[in-house]
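User: Let us go through the aromatic contacts here. I want each label tested against its cut-offs.

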Amino acid sequence: MKRFVLLDTAPIPGTDSALCLFEYGEDFVIKIAGGDGGQLMNTRMHGSEDALAALPCQKVAGRREARVLIGGLGMGFTLAAALQHLGRDAEVTVAELVPGVIAWNQGALGAKAGNPLSDPRTRIVQDDVANLLKAARGDYDAIMLDVDNGPEGLTQRGNNWLYSAGGLQNCRRALRPKGLLAVWSASADARFAERMGKAGFSVEQHQVYAHGNRGTRHTIWVGAAKP
Ligand SMILES: C[S@@+](CC[C@H](N)C(=O)[O-])C[C@H]1O[C@@H](n2cnc3c(N)ncnc32)[C@H](O)[C@@H]1O
């Protein structure tokens, strides 16, 4: 019988909390320590994490030297999908808050997504993605955010800023002309989509299967920066 085997615990900087990596049969699972036992991610279901990259990256793949930003790394599936859709001259910057998560992806976990950290187009930065966004001005063709379970700070309370009017306007400024912002969520949230619209995006909402083509679906908003 399969059981959860704790492999490592990684503190979340700036909080009293931590992320835990478990082995579960052939798969890996990440949970928040002391949480409700719910999974933040697992290696079995990543259809919507793949789609978070596929939806915007397919649209910007033809641009020369495309530059995209992903927050955060998790299990590397969004990163792997971005690399799959972008050209050889692209650069994918990944901001990951938790040093331990980067180390896990450099170890056995990395193989599950095809070791995307080893791709020469990947630039991994151990930092809060908010810091990269605040420093950016017209830098990225696409920004993909999957740092919580939806537009509400879960990993750390400070993430709420990302989903606020100010955070979304900052994302808009960080994009190149015709840039795209994609945000992952476990469930739909009409008020968030409206906020994206008010921050200067034309918003499409996609419902994407977590795994295969039946069962649970997640929400991905893709906002195109209005001129
Ligand atoms: C749900 S996982 C991302 C899953 C990822 N899309 C994938 O394909 O595996 C969320 C990740 O975001 C990281 N994270 C949370 N808040 C962050 C922040 N403010 N900046 C950067 N990374 C953050 C977490 O440590 C975690 O690794």
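This is a predicted model: local features need pLDDT of at least 70, side-chain atom pairs count only at pLDDT 80 or more; totals for chains, interfaces and linings use all residues.

Analyst: Residues are numbered from 1 along each chain as its sequence is written, and side-chain values use heavy atoms, without hydrogens and water.

User: What makes Phe4 and Tyr24 a stacked pair?

Analyst: Rings of Phe, Tyr and Trp (its six-membered ring) pair if their centres lie within 6.5 Å; planes under 30 degrees apart are stacked, over 60 edge-to-face, the rest tilted. Phe4 and Tyr24 have 4.3 Å centre to centre and 20° between the planes, so the pair is stacked.

User: Why is Phe4 called partly exposed?

Analyst: Buried means under 20% relative accessible area, exposed over 50%, and partly exposed in between (1.4 Å probe, protein chains only). Phe4 has 33%, so Phe4 is partly exposed. Tyr24, at 26%, is partly exposed too.

User: Why is the pair of Tyr163 and Phe192 called edge-to-face?

Analyst: The centres are 6.1 Å apart and the planes stand at 80°, so the pair of Tyr163 and Phe192 is edge-to-face. Both residues are buried.

User: How do you know that Lys134 lies over the face of Trp161?

Analyst: A charge sits over a ring if NZ of Lys or CZ of Arg is within 6 Å of the ring centre and within 35 degrees of the ring normal. Lys134 is at 4.6 Å from the ring centre of Trp161. The charged end of Arg217 also sits over a ring, that of Tyr209, 5.4 Å from its centre.
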